[in-house]
Amino acid sequence: MQPNKPVSFNQLTIQIQQAAEDQNWSRLQQLDDALRHLLLAVKSKPITPPQQAQINALKAVHHQAYLALQQAQQLLQQKIATADKEKERLKAYQSANSME
């Protein structure tokens, strides 16, 4: 994303949705920053009904992306816990074999 190029609510909606589908969490973080800047830029201006509809769509996609990120985090935590248990089993196995 180019830092000086303005983005629209619709563009961010599409990009956030794509990043979440791709599980590209670093890209999602960049887009979240872009969203923050965009919202700050329009904060002092009146919002038109079409813009409000775009914001509502963006909010829904952003929420879905957040849920996808939470799910990915939980899955990663489960994998780490499983790997830790496997490591403990391997150590116990190696320890038992070294006693023989």
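**Helix packing around H3**

Mentor: Happy to, and let's begin with H1 and H3, whose axes cross at roughly 15 degrees and come within 9 Å of each other. Please keep in mind that this is a predicted model. Angles under 35 degrees count as roughly parallel, and H1 and H3 are therefore roughly parallel to each other. Their crossing is left-handed.

Now for the residues that make this contact. H1 contributes Phe-9, Asn-10, Leu-12, Thr-13, Ile-16, Gln-17 and Ala-20, and these meet Gln-54, Ile-55, Ala-57, Leu-58, Val-61, His-62 and Ala-65 of H3. Sorted by class, the contact of H1 with H3 holds 9 nonpolar and 5 polar residues, with no charged ones.

Thr-13 sits in helix H1, and its contacts, leaving aside neighbours within four places in sequence, are with Gln-54, Ala-57, Leu-58 and Val-61. Its relative accessible area is 11%, so Thr-13 is buried, the limit for that label being under 20%.

For context, most residues other than glycine have a negative phi. Gln-23 has a relative accessible area of 52% and therefore counts as exposed, since that label applies over 50%.

Helix H2 (residues 25–42) packs with helix H3 (residues 49–99) at an angle of about 145 degrees, and their axes are 12 Å apart. H2 passes H3 in a left-handed crossing. On the H2 side, Trp-25, Leu-28, Asp-32 and Leu-35 meet Leu-58, His-62, Ala-65, Ala-68, Leu-69 and Ala-72 in H3. By class, this contact of H2 with H3 has 8 nonpolar residues, 1 polar and 1 charged.

Let's finish with Leu-69, which is found in helix H3. With a relative accessibility of 28%, Leu-69 counts as partly exposed, because that class lies between the 20% and 50% limits. The C-alpha atoms of Leu-69 and Leu-12 are separated by 17 Å, and the two residues are 57 residues apart along the chain.

Key: Residues are numbered from 1 along each chain as its sequence is written. This is a predicted model: local features need pLDDT of at least 70, side-chain atom pairs count only at pLDDT 80 or more; totals for chains, interfaces and linings use all residues. Side-chain values use heavy atoms; hydrogens and water are left out. Axes are lines fitted to C-alpha atoms, for helices over the stretch in contact, and angles run from 0 to 180 degrees between N-to-C directions. Helices (H or I, at least four residues) and strands (E, at least two) are DSSP runs, numbered from the N terminus. A crossing is left-handed if the near helix is turned anticlockwise from the far one by less than a right angle, and right-handed if clockwise. Contact means heavy atoms within 4.5 Å. Ala, Val, Leu, Ile, Met, Phe, Trp, Tyr, Cys and Pro count as nonpolar, Asp, Glu, Lys and Arg as charged, and the others, Gly among them, as polar. Buried means under 20% relative accessible area, exposed over 50%, partly exposed in between (1.4 Å probe, protein chains only). Angles under 35 degrees count as roughly parallel, over 145 as roughly antiparallel, 65 to 115 as roughly perpendicular and the rest as oblique.
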